[in-house]
Amino acid sequence: MSDEPRDATATAAADADAEVTGGLADRWASFRDREISTVLLTVVGVAVFPFLFNNFLDGYTQLATLMLIYGIFAVGFDILLGYTGLLSFGHAVFFGGAAYAAGIFSASVSSSPLLVLLAGTAFAVLLAWVVGFLSLRRGGIYFAILTLTFGQMSFYLAASPLAFLTNGENGFTSVDIGSLLGVIDIHGGVPFPLTMLVDDMLYVFVAVVAVLSVAMANRILHSPYGTVFRAIRENERRAEFVGLDVWRYKLMAFIISAAFAGIAGSLFTIEGNYVPLQSLYWTESGRIVIMTVLGGVGSLFGPLFGAGLYLYIENIVSGFETLGPFWHLILGVVFVVAVVLFPNGIWGGIDYVRDMVVGGEDE
Amino acid sequence: MTLLADILTILLNGLQQGAIYVLLAVGLSIILGTLKFVNFAHGALYLVGAYLGLFITGQVPLNDGQLAEWGIQSYGIGLGFVAALVIVPIVVFIIGLLMERFIAQAFYDRPDTDQILVTFGLAIIVQELLRALLGGNSQPFQQPSWASGPIALPVVGNFPRWRLGVIAITAVLVLGVYALVEYTDFGLIVQAGTLDGEMVRLLGIKLSRPYLVVFGIGAALAGVAGVVGGPLANVNPNIGTEQLVPAFLTVVIGGVGKIEGAVVAGLMLGTLQVFLIQTGYAAWSQVGIYALAALVLLVRPQGLLGSEVDVS
């Protein structure tokens with residue numbers, strides 16, 4: 001039960017209690033509970049990942065970058081779905097909206113990647129404020145449908161009435177990404193020692209943003225703020241009775257998660273130099289739902305894992321001769337099985353197995 | 001009298017456009033209202049209905065998908081449109097029963113987010129299965145020969161006969177369901193169960209069977225919608241999800257569980273869409289229905305005809 005709600009005091013206690021007695025599992029748990037170890041694990045993960053990926057998994061660098069981008073998106077989505085218990089079916093509007101904002105900003109204001117990232121994210125946050133304000137009046141199915149409604153509305157807006165801005169069905173092509181801080185070519189190669197692990201600067205840039213995002217999500221979820229999110233998920237009415245302004249916290253959870261979607265969307269534009277109209281369609285929202293649920297809701301690394309797995313299947317497995325035409329179908333079956341049998345996704349399943357093993361050790 | 005003719009044409013076209021939304025929404029609505037089950041796979045049932053209708057009405061050449069690769073050149077039995085209108089609802093009714101027993105029932109006590117997730121997954125499975133087997137190409141669905149071509153109406157002038165057919169079929173089906181729910185013992189039990197299931201059970205009435213039937217009827221309506229809506233546009237694996245969102249909007253605008261609400265909302269959406277297209281704002285026609293839906297939901301979250309009570 002490693003990813004169960006943990007309040008600030010427990011984390012602090014685990015921090016202070018450095019010399020934990022007991023088995024290896026306890027020691028591992030106390031190590032993992034510290035924020036710095038989460039960040040370190042993420043750093044090691046993203047640093048070694050492309051090397052493993054390129055050499056053992058038939059992948060390619062561009063896909064590794066894309067996985068991290070969608071990973072950021074999924075981590076943010078999980079703050080809303082897994083921790084606060086709100087299922088949004090319109091999250092593509094923040095991903096795609098930020099992608100468009102970033103693209104348009106790069107073409108007409110500044111091509112600096114950092115500013116583009118900032119502009120896209122800021123746009124997603126502002127948009128989330130409005131959409132969240134309007135769709136959070138109702139829970140459950142009403143919330144899902146209202147977000148879906150706003151998502152579809154934005155898709156059709158971008159498709160034709162706003163085509164003079166977005167270039168309609170052809171997607172936004174005039175993206176212009178300059179060099180990082182004026183010196184580093186973001187689409188160029190990396191200097192020597194790094195070449196052993198990664199190929200291009202873009203991955204490094206996305207990896208740094210991804211690590212920062214994971215650290216940020218970790219900090220939010222382990223703060224008293226995150227505890228309130230979980231309280232709302234467990235029992236909204238009870239949270240209200242103890243005096244919490246539930247509506248405001250839900251809105252903040254929505255905006256925070258949209259900010260992650262915005263970061264991911266902006267990176268998507270920087271990575272691909274192109275914004276497809278499809279990025280606003282509701283199937284894109286569906287994709288992020290699948291990634292997050294498949295990987296594991298209510299955990300930090302589950303959604304990252306889910307995003308990676310989804311894209312891996314989509315790009316690599318779909319190329320296999322026999323499985324290729326059926327890959328989406330297989331994914332659907334796996335998804336349904338996960339929802340029915342493993343509500344906490346693959347990551348939750350791993351946790352479950354480990355708990356069984358560790359529990360056996362104790363007895 | 002050309003203005004009057006324009007208005008009537010828009011209304012008739014809106015009626016036809018809305019009819020498909022209504023057919024889907026009524027099924028969605030009675031399932032949601034009675035069983036409190038959110039069925040994101042409703043669009044998939046529409047899709048099944050459309051393909052099944054295609055299969056029954058004619059020989060469809062296959063040049064794409066796994067079946068074609070396995071050497072099957074066409075599918076279909078050519079029994080005609082009326083046969084499709086009879087067989088499809090029966091088959092999809094049975095699919096609905098199976099869905100209730102084996103999927104939905106396990107989710108009645110789980111949060112509605114889980115219901116949305118599992119039915120969303122089912123929708124993907126159905127859609128992708130059809131795509132894998134039959135290919136992703138659009139296939140034309142012929143209008144029934146007895147209803148093709150235009151008909152001369154007073155004032156309006158020539159109007160496609162099939163569109164009137166769509167309106168008529170929808171009217172008959174929706175009235176039938178309405179009568180079933182409002183005026184029969186079955187409908188009484190279902191309604192009572194919606195209000196207070198516990199009490200109905202205490203009276204010695206088993207609710208699981210009526211619920212099963214409600215799910216089946218809802219599914220059958222989606223199947224018929226596929227047959228009726230098929231000839232209006234080509235059939236491809238995406239039409240299910242494309243219809244799902246407007247259908248949901250119709251339900252929520254009209255008020256969950258209200259058949260008359262679904263009718264009013266469906267006609268509103270259909271007419272608005274046609275109005276925008278015919279007045280030269282085609283680009284806004286899709287945006288318009290979503291904006292209208294958002295507006296209604298913000299002002300009256302329980303829907304136009306929904307009661308304040310049954311909102312959770």
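Reader: How much area is buried between chain B and chain A?

Author: About 3700 Å² is buried between chain B and chain A, and carbon and sulfur atoms give 82% of that. Buried area here is the accessible area (1.4 Å probe) that two parts lose on being put together, summed over both. In chain B, the residues that lose the most area to chain A are Leu117(B), Phe120(B) and Leu298(B), together 16% of what that side buries.

Reader: What kind of model is this, and how are things numbered?

Author: This is a predicted model, where local features need pLDDT of at least 70, side-chain atom pairs count only at pLDDT 80 or more, and totals for chains, interfaces and linings use all residues. Residues are numbered from 1 along each chain as its sequence is written, chains are lettered from A and ligands numbered from 1 in the order in which they are written, and side-chain values use heavy atoms, with hydrogens and water left out.

Reader: What scores does the predictor give the complex?

Author: The complex gets an ipTM of 0.86 and a pTM of 0.86. Chain B has a mean pLDDT of 87, with 98% of its residues at 70 or more; pLDDT is the predictor's confidence in each residue, from 0 to 100.

Reader: Back to the contact. How many residues does each chain put in?

Author: Chain B puts in 42 residues and chain A 38 residues, contact meaning heavy atoms within 4.5 Å.

Reader: Is Lys250(A) buried or exposed?

Author: Lys250(A) is buried, at 4% relative accessibility, while Glu236(A) is partly exposed at 36%. Buried means under 20% relative accessible area, exposed over 50%, partly exposed in between (1.4 Å probe, protein chains only).

Reader: Which residues are linked in a network of salt bridges?

Author: Glu284(A), Arg287(A) and Glu314(A). Within it, the side chains of Arg287(A) and Glu314(A) meet at 2.6 Å, N to O.

Conventions: A salt bridge is a side-chain nitrogen of Lys or Arg within 4 Å of a carboxyl oxygen of Asp or Glu.
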